[in-house]
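Please look over the sequence and the model shown here before reading on. The paragraphs after it are meant for a reader who is new to this structure.

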Amino acid sequence: MSKKWIPGFALLIIVALVSLLDTSSLNGLNDPNISGADTAWMLAATGLVLLMTPGLSFFYGGMVSRKNVISTMLQSFICMGIITLVWICFGFSLAFGDSIGGFVGDPRTFAFFKGVGAATQAELAPTIPFVLFALFQMKFAIITPALITGSFAERVRFSSFLFFIILFSIFIYSPLAHMTWHPEGFLRKWGVLDFAGGTVVHMSAGFAAIAAAIILGKRKTHGTAHKPYNVPFVLLGTGLLWFGWFGFNAGSALGANGAAAMAFATTTVASAAAMLAWVLYDAFMGRKISGMGASIGAVVGLVAITPAAGFVTIGQSVFIGVAAAIVSNIVVYYKNKTGIDDTLDVFPCHGVGGIVGMILTGVFAQEVGLIYGDTSTFLKHLAAVFLVGGFTFGLSYLFFKLTNMIIPMRVNDRAEEYGLDITQHAESLSKSTTPEQISEMIKASN
């Protein structure tokens, strides 16, 4: 028996017992306000967004070294378990409960999904079951902390990672979701536009990632030539992410309507443009066109169009994709000269991609963008970049420090040398590694 896991296991049992008090989820099955078309699309979109997290695990897993593939992929997969329960307990309430000053929801409003059932909800889900809205939003909450994992890949202790993502979900993600998407949210009422998560998901993950890289320090192998384990994994992960992103962006229209169709179109066009921009910029700079480059470029395009997807034209989405890819590519180059070891370039791709997308949303947003002569939205988006960046980086830095005091976040040198697959999970991709060898390496690393 490992005593250090007793608190976590006991907490899960308590959650399971308290969850038995739910008696209202089946209410409203015959609500006449439910639109069959909207519900069908949102069920599909919710499934698509969940697929993005396994897609991300392949995307990240293919990039790391062979000895860290399983651990890197598991860090994404485990978010589907732990964040789901956090969301049901009080995460959804913090994000979409009764507003407290426009900054966070009342954790009691929908605690343990109280009142979240099959009926519609006038403000948040007027044509679909409220539980479907809650589950759709839950998939966003799942993938956001999973995105951060790329920054500390190959050196983080799994137990401390779990503790951090709970803190991140409760104190950073949920308040940002409330401020941005709740009808009474501070940023939303102020006039900041974020169609599907440029600030809430990508900027928050990007700034948390840079905080993680600073706190955990460089890998022992940082600065040496790195060989990705499996580029086909990266390509597969990109395809799954691109496919799932249609639910991410088009689903944010919350119905089967014209806004969903336009978001669907701008999403694929921006990603295509960004993929080409990344590889052609690489070629222009004397580098080879590569599968890794094409994959990263496509994802940057998806990130950048996310806040703008329902507010811009298809032509404008081409520009957004190209601009974001070039800017992110340049930031990756200069980041590598700083000595900051953001392992999989989460900040240059998600953080910077989100920033570019938010700024260009302020430029191109239909009727209120800078090109339409309205400066207020653009200036508010610039301010939001600094507000969200400062809020996320500051709190993430604090929570990484706090986590490190409770459970040291970085594994020791021997564990890093053997790899996290063996030392954290007693698993290995190598067929020649015997159970006895795994056991000995675990003992040596402890």
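Predicted model: local features only at pLDDT ≥ 70, side-chain atom pairs only at ≥ 80, totals over all residues.

Residues are numbered from 1 along each chain as its sequence is written, and side-chain values use heavy atoms, with hydrogens and water left out.

The secondary structure of the protein chain consists of 17 helices and 2 strands, where helices (H or I, at least four residues) and strands (E, at least two) are DSSP runs numbered from the N terminus. Along its principal axes, the C-alpha trace of the protein chain spans about 60 × 60 × 35 Å. A compact globule of 446 residues would have a radius of gyration near 22 Å, and the 21 Å of the protein chain agrees with that value; the radius is taken over C-alpha atoms, and the globule rule is 2.2 Å times the number of residues to the power 0.38. Of the contacts in the protein chain with a separation of 6 or more, 76% are between residues 24 or more positions apart, a contact meaning heavy atoms within 4.5 Å.

Of the 446 residues of the protein chain, 54% count as buried, a word that stands for under 20% relative accessible area, with exposed for over 50% and partly exposed for what lies in between (1.4 Å probe, protein chains only). The accessible surface of the protein chain comes to about 18,100 Å², and 68% of this belongs to carbon and sulfur atoms; such areas come from the Shrake-Rupley method with a 1.4 Å probe, and for residues only the protein chains shown count as cover.

On that surface, Phe9, Leu12, Ile13, Leu17, Leu20 and Leu85 make a nonpolar patch of about 600 Å². Patches are made of residues with over 30% relative accessible area and no salt bridge, with like charges joined within 9 Å and nonpolar side chains (Val, Leu, Ile, Met, Phe, Trp, Tyr) within 5 Å. Helix α1 (residues 6–19) gives the most to the nonpolar patch, with 4 residues, whereas Leu85 has its place in helix α4 (residues 79–96). Leu85 counts as partly exposed because its relative accessible area is 35%.

The charged side chains come next. The whole structure holds 9 salt bridges, each being a side-chain nitrogen of Lys or Arg within 4 Å of a carboxyl oxygen of Asp or Glu. One of them joins Asp341 and Arg155 at 3.9 Å, N to O. This pair links distant parts of the chain, 186 residues apart, with Asp341 in the loop between α12 (314–335) and α13 (346–364) and Arg155 in the loop between α5 (130–148) and α6 (158–181). Both Asp341 and Arg155 are buried.

Another salt bridge, between Glu184 and Lys189, has an N to O distance of 3.2 Å; here Glu184 is partly exposed, with a relative accessible area of 38%, and Lys189 counts as exposed at 58% relative accessibility. Glu416 and Arg410 also meet in a salt bridge, at 2.9 Å from N to O, and Glu416 counts as buried because its relative accessibility is 7%. Salt bridges that share partners join Glu154, Arg155, Arg219 and Asp341 into one network.

How many aromatic pairs are there? The count comes to 32, where rings of Phe, Tyr and Trp (its six-membered ring) pair if their centres lie within 6.5 Å, and planes under 30 degrees apart count as stacked, over 60 as edge-to-face and the rest as tilted. Phe58 and Phe233 form an edge-to-face pair, 5.1 Å centre to centre and with 80 degrees between the planes. The pair links distant parts of the chain, Phe58 in helix α2 (residues 36–61) and Phe233 in helix α9 (residues 231–250), 175 residues apart. Phe58 is partly exposed at 21%, and Phe233 is partly exposed at 22% relative accessibility.

Phe140 and Trp181 form an aromatic pair that is edge-to-face, with 5.8 Å centre to centre and 85 degrees between the planes. Phe140 in helix α5 and Trp181 in helix α6 are 41 residues apart, and both are buried.

Finally, Asn249 lies in helix α9 and counts as buried, because its relative accessibility is 0%. Leaving out residues up to four places away in sequence, Asn249 touches Phe195, Ala196, Ala263, Thr267, Leu302, Ile305, Thr306 and Ala309.
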